[in-house]
Amino acid sequence: MANKNPSNSAQKTNNQQVIDTLIHARWIIPVVPEKRVYENCSLAIKDGVISAILPSEEARMRFTASEVHELDDQLVIPGLINTHNHAAMSLLRGFADDQPLMTWLEKHIWPAEQTWVSPEFVGDGTRLSIAEMLRSGTTTFSDQYFFPEATAAAAREAGIRAQVAFPIIDFPNAWSRDGFDAIEKGLALRDDYRSHSRIGLAFAPHAPYTVGDETLQKIAMYADELGMAVQMHLHETAGEVEKAVADSGLRPTERLHKLGLLSPQFLSVHMTALDDADIALISKTGAHVSHCPRSNLKLASGFTPVAKLLDAGINVSIGTDGPASNNGLDMLMETNTAALLAKAVSGDASALPAHQALAMATINGARALGIDDVTGSLEAGKAADLCAIDLSAIEQQPLHDLTSQLIYTANGHNVRNVWVAGKQLLKDRVLTTMNEVELKQRAQIWRDRIAGLSK
């Protein structure tokens, strides 16, 4: 519930500070410091940044705000961070389900993309995914897909935070002639968004089997010179690793390390087929991992050994992968799956406890994208990227442990309010910057086109 120009603002004293937004929450989990739950506290926000987190009684005396929100029975957490997505593929959701990865790609997805992918397709699909992400509490996403210009424009218009990782493939595709052409186009797009506060660019060589050494060396050089992030599908299946060893004598991680790619700027996506040497190499180089459990399960790609990675000191974040292979973008559900799967894979029920799973979906994601100084936790001086989750439902009672209830009983449908950089993008389940009716209409138009019902 939000009140603009509340009556208590007329009673302000000369000592009160004027801010933009004051959020009074029943509970707050800041993530940093870890394992903390604040009760009956408030967030003060000015110019899109958190000014203070303090008891609500004190906040009412100290601040006056143009907009005040009373969030009874709602838990405020940092906005969720999805570190790997192909957002435009929402238009292919359900198009080719129940297929193994390479069959899914080679027989279904790649032919469909060759026919349909265009700036219009990417723009419409990305907007549909952004709406879904905002409605389930995601405030930042990293995306890897063709026509990244359309992805960046959709994110800019919606108000969400995004890392647009431009795709690099060494053969002709919908967006580029080859890897060098993709790098040139991607760097030009980076120049367009150089001063943008919410949109950043990254290199996205698709996978070890689609990008050659010369291209990868050039990416490593530019990434080092420009301080840019690199994201890549890596060790996604056992078959990928086996073929790499047969072709080159090197496991993919070894090859990338020799080429100078593995570093704290590198985000490896999936990482299901690992041995101890792979884990040691990722740990040594400071590279990050984006864990996409639901997509890996659906495509039978394998199991990421999350507990081992965390024990090795590796920063592990969470991604959904694309909505054509998941088939949803609900980060709360993804985090729930990650927590449960880590226990099953390790054979240890204490592996990946709730508070650590929440960190993976927030501050770890920010670290993986190189923006942990901006977002990922609720701290004074950081961007006001946050979501409020209703914990009043019968299915969540009683509330013995807030973090456990969040991870093990909540999902995106419980998210009621979302802010990015202090701007409210979801208000009582309604999007404020996007037209939901139009989004659904555009999705149906694409469904009919792809199904051959119209031209």
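Modeller: V345 belongs to helix α12, which covers residues 331-346. Helices (H or I, at least four residues) and strands (E, at least two) are DSSP runs, numbered from the N terminus. The model is a predicted one, in which local features need pLDDT of at least 70 and side-chain atom pairs count only at pLDDT 80 or more, while totals for chains, interfaces and linings use all residues. Residues are numbered from 1 along each chain as its sequence is written, and side-chain values use heavy atoms, with hydrogens and water left out.

V345 has a relative accessibility of 38% and therefore counts as partly exposed. The scale behind that word sets buried at under 20% relative accessible area, exposed at over 50%, and partly exposed in between (1.4 Å probe, protein chains only). Together with L297 and F303, V345 forms a nonpolar patch on the surface, and the three have about 260 Å² of accessible area together. Such areas come from the Shrake-Rupley method with a 1.4 Å probe, and for residues only the protein chains shown count as cover. A patch is made of residues with over 30% relative accessible area and no salt bridge; like charges are joined within 9 Å, and nonpolar side chains (Val, Leu, Ile, Met, Phe, Trp, Tyr) within 5 Å. A salt bridge here is a side-chain nitrogen of Lys or Arg within 4 Å of a carboxyl oxygen of Asp or Glu.

Of its 17 residues, 12 are buried, so α3 is largely enclosed by the rest of the structure. Among the buried residues are F121, V122, L128, I130, M133 and L134, and also D124, T126 and S129. From first C-alpha to last, α3 reaches 24 Å, close to the 24 Å expected at 1.5 Å a residue; the expected span is 1.5 Å times one less than the number of residues. After α3 comes G137, with a positive phi near 95°.

The UniProt record, in an unreviewed entry, places "domain: Amidohydrolase-related" at residues 75-424. Its positions follow the numbering used here, its feature names are shortened, and its annotations may be inferred rather than shown by experiment. Over residues 75-424 the chain is 43% helix and 18% strand, with the end C-alpha atoms 16 Å apart. Under "binding site", UniProt (unreviewed entry) lists H84, H86, H233 and D321. These residues are spread over 238 residues of sequence yet cluster in space, with a largest C-alpha distance of 12.0 Å. One of them, H233, sits in strand β10 (residues 229-234), and H233 counts as buried because its relative accessibility is 5%.

Another buried strand residue is I389, in β14 (residues 386-390); I389 counts as buried because its relative accessibility is 0%.

Strands β15 (residues 415-420) and β16 (residues 423-427) run antiparallel and are joined by three bridges; two strands pair if DSSP finds at least two bridges between them. V420 stands opposite K423 in β16. Two residues separate β15 from β16 in this hairpin, and A421 in the turn has a positive phi of about 50°. β16 is in turn joined by two bridges to β17 (residues 430-431), again antiparallel, and L426 stands opposite L431 in β17. In the hairpin of β16 and β17, D428 takes a positive phi near 50°.

Some backbone details remain. Most residues other than glycine have a negative phi, and most peptide bonds are trans. N40, in strand β3, has a positive phi near 55°, and with a relative accessible area of 44% it is partly exposed. D73, in strand β5 (residues 63-78), has a positive phi near 60°; D73 is partly exposed, with a relative accessible area of 37%. The peptide bond from V32 to P33 is cis, with omega near 0°, and P33 lies in the loop between β2 (17-28) and β3 (38-46). The bond from Q397 to P398 is cis too, with omega near -5°, and P398 lies in the loop between β14 and α15 (402-409).
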